[in-house]
Amino acid sequence: MKESISGYTQLAGVIADPIKHSLSPMIHNKAYELEGVDAVYLAFEVTKENFNQAIESIKTFNMLGVNISMPYKKLALEACDELSKEAQLIGVVNTIILRDGQLVGYNTDGIGFIHSLKSQQVEVKNKSITVLGAGGAGKAVICQSALEGVKEINVFKRKNKTYYHAKEELEVISQQTGTLIRLFDYEDSQKMEEIIASSQIIVNSTQLGMGEDNSLPTPSMESITSQHVLVDLIYHPLETEWLKQGKEKEAKVINGLGMLVHQASYAFNLMTKKKMPVEKIEEFLKETWQQ
C-alpha cells in the first residue's frame, strides 16, 4: 500500500462477494509500488443489490478500473458498454476499464494462461490440448487456446445437469473460431487415457489436488510421457501431487501461479498502460506464502 496518498492518487479495486480472501490487492499494490504508479487498489465486498451502483462508481470516481470475481462475472458482462473479443466469446468479464466515458469489459484469464505458457517456452498453436473441467477457468483456457490457433481441444466434464449446456457452448466456440472442440464424460477413464496419450498439453482446471487434497485429476499417470506438458491451474500448493508425479515421468510441468500473475498483469496494463514486473511479483508472492 502507498505510504502517502494525495489528491492525485487514483483508485482501482476488485468487486466480489466474498472478497476478503483475494490476492488481487496484494498483487496490484505491490506492482504500483514497483512501477511508481500513484494509485491504490482495494477490495470491495458488494451485494448483488448494490452491484450496478458499484459498477457505475467506476465512472463516478474516474477509477483506473476494477477486477470482477465471483459471483458477478456474468453480471459484469451485461453492465459493460463494450466488450473485448475474448469476453464476448467466453461470456464473462473479469476486468472493466473506463475508456472515453465507456465501460469496456475484458476477460484476462485466458490470455493469462497463454502468457504463462509462453514464459515457460510453451506454444499452443497447432497443438492438441486436453482440458480437464469446463468451469470458468477451464472455459477461458478453451476459448483463448482456440483463438490462438490450437489444432484441437478435448474437454472432459462430469455428466451432470450442466453437461449438455456446456456442450452447446463449446459448439458455439468451435463454430466461431474454426477449432475442433470435443466434449467427453469425465468418468470415461478409458477414453481419457486414450485422448491424453495423443495430446501434447494437458490442463487441469478442476479443484482436484488443491490444498491438502492429493487426488489426481487423471485416472492414472500411465499415459503421461516426457513429451507431455502438464499445466495445473492450482497454485496452492505450487506443486500438486499430479505435477509431482508428472515430473517423475519427465513431463514438463507448470503450476497455476503463472496464470494468476499473468492475468493480473494484463489487467494492470489495461488500467495503467504500464507493464507489470511479473517475475518480481511471482517472487514476492512465493516469499509472502513462505512466511
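At 60% relative accessibility, Glu250 counts as exposed (over 50% relative accessible area with a 1.4 Å probe, protein chains only; buried is under 20%). Glu250 isn't a glycine, yet has a positive phi of about 70 degrees. You'll find Glu250 in the loop between helix 9 and strand 12 (252-254), where helices (H or I, at least four residues) and strands (E, at least two) are DSSP runs numbered from the N terminus.

Asp100 is another non-glycine with a positive phi, about 55 degrees. Asp100 sits in the loop between strand 5 (95-99) and strand 6 (102-106) and is exposed, at 78% relative accessible area.

## What the model is

This is a predicted model, with local features needing pLDDT of at least 70 and side-chain atom pairs counting only at pLDDT 80 or more, while totals for chains, interfaces and linings use all residues. Residues are numbered from 1 along each chain as its sequence is written, and side-chain values use heavy atoms, leaving out hydrogens and water.

## Cis prolines

The Met70 to Pro71 peptide bond is cis, with omega near 10 degrees; Pro71 belongs to the loop between strand 3 (65-68) and helix 3 (73-79). The bond from His236 to Pro237 is cis too, with omega near 5 degrees, and Pro237 is in the loop between strand 11 (229-232) and helix 9 (241-248).

## The whole chain

There are 11 helices and 12 strands in the chain, and 51% of its 291 residues count as buried. The C-alpha atoms fill a box of roughly 60 × 40 × 30 Å along the principal axes. As for contacts (heavy atoms within 4.5 Å), 69% of those between residues at least 6 apart in sequence join residues at least 24 apart.
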